[in-house]
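Dear colleague,

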Amino acid sequence: MTYQLVRSKRKTLAIHVLNDATIEVRAPLHLSKKEIESFLMQKQDWIFKKQEYMRNLQPQKPIDKLDETDMLWLQGREYPIQFGNQVQFKDDCFIIPDMDLNILMPYLVMLYKQLLIPLLQDKVAYYSKIMKVQPTTVKVNSAMKRWGSCSSINGLNFSFMLAMVQETELDYVVVHELAHIKQHNHSSAFWKEVEQVIPDYKQRQLALKEMQHKINTIW
């Protein structure tokens with residue numbers, strides 16, 4: 001969880017969600033970072049509700065076009081944009097035509113799918129062996145409201161947006177969906193399956209929620 005830390009001679013620890021939805025933690029001088037982050041984890045539900053409230057107070061202006069001052073995400077990093085004749089990722093740069101975003105978007109989705117598929121296939125193969133499960137199918141779709149899903153016949157679907165997140169967050173989503181092959185629910189037994197492979201899955205959930213907000217500024 002990203003936060004701003006302000007230390008002072010105060011005696012207690014306090015969390016403030018600012019108007020721009022950033023998190024400010026006010027802590028005593030002696031308090032360790034481990035204790036601070038443990039407190040943040042305990043309060044994560046309240047923090048997310050407060051952040052969502054603050055964001056809803058400030059509706060964002062829709063973006064009609066991208067320009068060369070904008071950046072696009074890939075595997076947890078932002079990369080610059082250059083204008084060209086086709087949509088591609090080359091030399092650490094996104095090449096895109098200079099066109100309205102609603103026309104450009106399907107081509108960007110297609111590019112992200114192409115970039116995600118090889119990495120996703122490797123991840124699913126790797127974790128399938130560890131978890132001793134086998135999905136019937138593995139597909140990448142254009143979903144924008146959920147990272148992944150598992151069907152009743154154990155077919156896995158993953159959002160193209162996973163091309164934008166860090167590898168650790170992709171690992172979590174893959175393990176989450178593979179765990180649904182054993183448990184088609186979100187019971188304690190399901191989360192135990194996830195935790196056996198990704199012990200810090202709660203931290204990765206937080207990172208995904210933060211990333212979702214960043215992605216939503218354009219998508």
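**Sheets**

Ile81 stands opposite Phe94 in E7, where helices (H or I, at least four residues) and strands (E, at least two) are DSSP runs, numbered from the N terminus. This is a predicted model, in which local features need pLDDT of at least 70 and side-chain atom pairs count only at pLDDT 80 or more, while totals for chains, interfaces and linings use all residues. Residues are numbered from 1 along each chain as its sequence is written, and side-chain values use heavy atoms, with hydrogens and water left out.

E5 and strand E7 (residues 94-96) run parallel and are joined by 3 bridges; two strands pair if DSSP finds at least two bridges between them. These strands belong to an open sheet of 4 strands, in the order E4-E5-E7-E6 and with mixed pairing. E4 and strand E6 (88-89) are at the edges with a single partner strand each, so one side of each has no neighbour in the sheet.

Strand E4 (residues 71-74) pairs with strand E5 (residues 77-83) in the antiparallel sense, over 4 bridges. Within this pair, Trp73 stands opposite Glu78 in E5. The two strands form a hairpin with 2 residues between them, and Gln75 in the turn has a positive phi of about 50°. H3 lies across E4, E6 and E7, and runs at about 30° to E4. Here contact means heavy atoms within 4.5 Å, and axes are lines fitted to C-alpha atoms, for helices over the stretch in contact, with angles running from 0 to 180 degrees between N-to-C directions.

A further open sheet is formed by 3 strands in the order E8-E10-E9, again with mixed pairing. Strand E8 (137-141) and strand E9 (148-150) stand at its edges, each with a single partner strand, so one side of each is left without a neighbour in the sheet. From one strand to the next, the twist averages 15°. E8 and E10 are paired in the parallel sense over 5 bridges, and the bridge partner of Val138 in E10 is Leu156. H3 packs on this sheet, touching E8 and E10, and its direction makes about 150° with that of E8. H4 also packs on the sheet; it touches E9 and E10, and its direction makes about 15° with that of E9.

**Nonpolar cores**

A nonpolar core is a set of buried Ala, Val, Leu, Ile, Met, Phe, Trp, Tyr and Cys residues joined through side-chain atoms within 4.5 Å. Buried means under 20% relative accessible area, exposed over 50%, and partly exposed in between (1.4 Å probe, protein chains only).

The largest core has 49 residues, of which Leu66, Tyr112, Met164 and Trp219 touch the most other members. Two or more residues come from each of E4, E5, E7, H3, strand E10 (155-159), helix H4 (167-182), helix H5 (188-197) and helix H6 (201-216). H3 gives the largest share, 12 residues. Beyond its neighbours within four places in sequence, Trp219 is in contact with Met105, Leu108, Val109, Tyr112, Met144, Phe160 and Met164. Another core, of 9 residues, lies apart from the largest one and includes Ile23, Val25, Ala27 and Ile36.

Val124 is placed in helix H3 (residues 101-131) and counts as buried at 5% relative accessibility. Not counting residues up to four places away in sequence, Val124 touches Pro135, Val138, Phe158, Val174 and Leu178.

**Salt bridges**

The structure holds 6 salt bridges, each being a side-chain nitrogen of Lys or Arg within 4 Å of a carboxyl oxygen of Asp or Glu.

Glu24, in strand E3 (residues 23-28), meets Arg26 in a salt bridge between their side chains (2.6 Å, N to O). Glu24 is buried at 13% relative accessibility, whereas Arg26 counts as partly exposed at 30%.

Asp98 and Lys65 form a salt bridge, with their closest N and O atoms 3.0 Å apart. Asp98 lies in the loop between E7 and H3 and Lys65 in the loop between helix H2 (44-57) and E4, so the pair ties together parts that are 33 residues apart in sequence. Both residues are partly exposed, Asp98 with a relative accessible area of 47% and Lys65 with one of 37%.

The side chains of Asp200 and Arg204 also meet in a salt bridge (2.9 Å, N to O). Finally, a network of salt bridges links Lys123, Glu167 and Asp171.

With kind regards
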